[in-house]
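Reader: Please take a close look at one part of this model and keep it plain.

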Amino acid sequence: MKNVLLIVDIQNDFLPGGALAVADGDAIIPGVNALTELEGWDSIVLTQDFHPAGHSSFASAHDGKAVYDTVEMPYGTQSLWPDHCVIGTPGAEFASTLNSDAANVVIRKGFRMHIDSYSAFMENDGETSTGLAGTLTDLGGGDPSKVRVFVVGLATDFCAGYSAVDARNAGFEVVAVRDLMRGIDIDGSIDAMWEQLRDAGVEIVASSDVAGMIG
Ligand code: VGL
Ligand code: ZN
């Protein structure tokens, strides 16, 4: 079994004071850094939400729409967000306290003007791959079931959660590290995501369990 640590969107705009702040988002950083220091990872992947100015997922790009409203896109319903993680701005950068140097792969997502991407694997149209599934399948010698992806990061109910679901859909073993995730919570979306993760066959563990699993 190959073990991969997938660190989702620990960027300034998702931390307290940021444009799309996740409550307590910064509280997970020491624990995430501690995981990066463990021996035994075959790959450490960072995702970076990375939007051009005026991105179609921003409420500001739609006349008469407010943050958290939805719009119909050709690919389905899209939630609208404050402007965040705009390419070239400090908000798009990784948290300065994150041990980002530990990662050998960085996946940028949401950089196409007309498609948002919550997941590290698939953009919101459900068709456009980020390439990560191929990279990790290669790590397993062509067999995704030989790769286990440990998911941490932000936000539980959006990018981290959908990354875990899509990792299962791609055939990987998936572990969500529950105390190293934090959510946004729109109308119960955190609880709904935990249910979706359990239904998808994602294993849910505490960060203190991880060393024993990859050792
Ligand atoms: C995210 C909403 C919009 C996330 C990113 O990282 O969970 N959520 N863009
Ligand atoms: Zn975004």
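Which residues line the largest pocket?

Author: This is a predicted model, in which local features need pLDDT of at least 70 and side-chain atom pairs pLDDT 80 or more, while totals for chains, interfaces and linings use all residues. Residues are numbered from 1 along each chain as written, chains are lettered from A and ligands numbered from 1 in the order written, and side-chain values use heavy atoms, without hydrogens or water.

The lining of the largest pocket consists of Tyr 118, Ser 119, Met 122, Glu 123, Asn 124, Tyr 162, Val 165, Asp 166, Asn 169 and Gln 196. A pocket here is an open set of points on a 1 Å grid over the protein atoms alone, where a 1.4 Å probe fits, with protein on both sides within 12 Å along at least five of seven lines; lining residues have an atom within 4 Å of a point. Its volume is about 190 Å³, counted as the space filled by probe spheres set on the points. Helix 3 (residues 156–169) gives the largest share of the lining, four residues; a helix is a DSSP run of H or I of at least four residues, and a strand a run of E of at least two. By type, the lining has four nonpolar, four polar and two charged residues, with Tyr and Met among the nonpolar types and Asp and Glu among the charged.

The zinc ion (ligand 2) has its own set of residues. Its protein donors, N, O or S atoms within 2.8 Å of the metal, are Asp 49 (OD), His 51 (NE2) and His 84 (NE2), at 2.0 to 2.2 Å. The two histidines link distant parts of the chain, 33 residues apart: His 51 is in the loop between strand 2 (43–49) and strand 3 (70–73), and His 84 in the loop between strand 4 (76–79) and strand 5 (105–109). His 51 has a relative accessible area of 0% and is therefore buried, a term for under 20%; His 84, at 3%, is buried too.

How values were computed: Donors are N, O and S atoms within 2.8 Å of the metal (3.2 Å for Na, K and Ca); water is not among the atoms, so sites may look incomplete. Buried means under 20% relative accessible area, exposed over 50%, partly exposed in between (1.4 Å probe, protein chains only).
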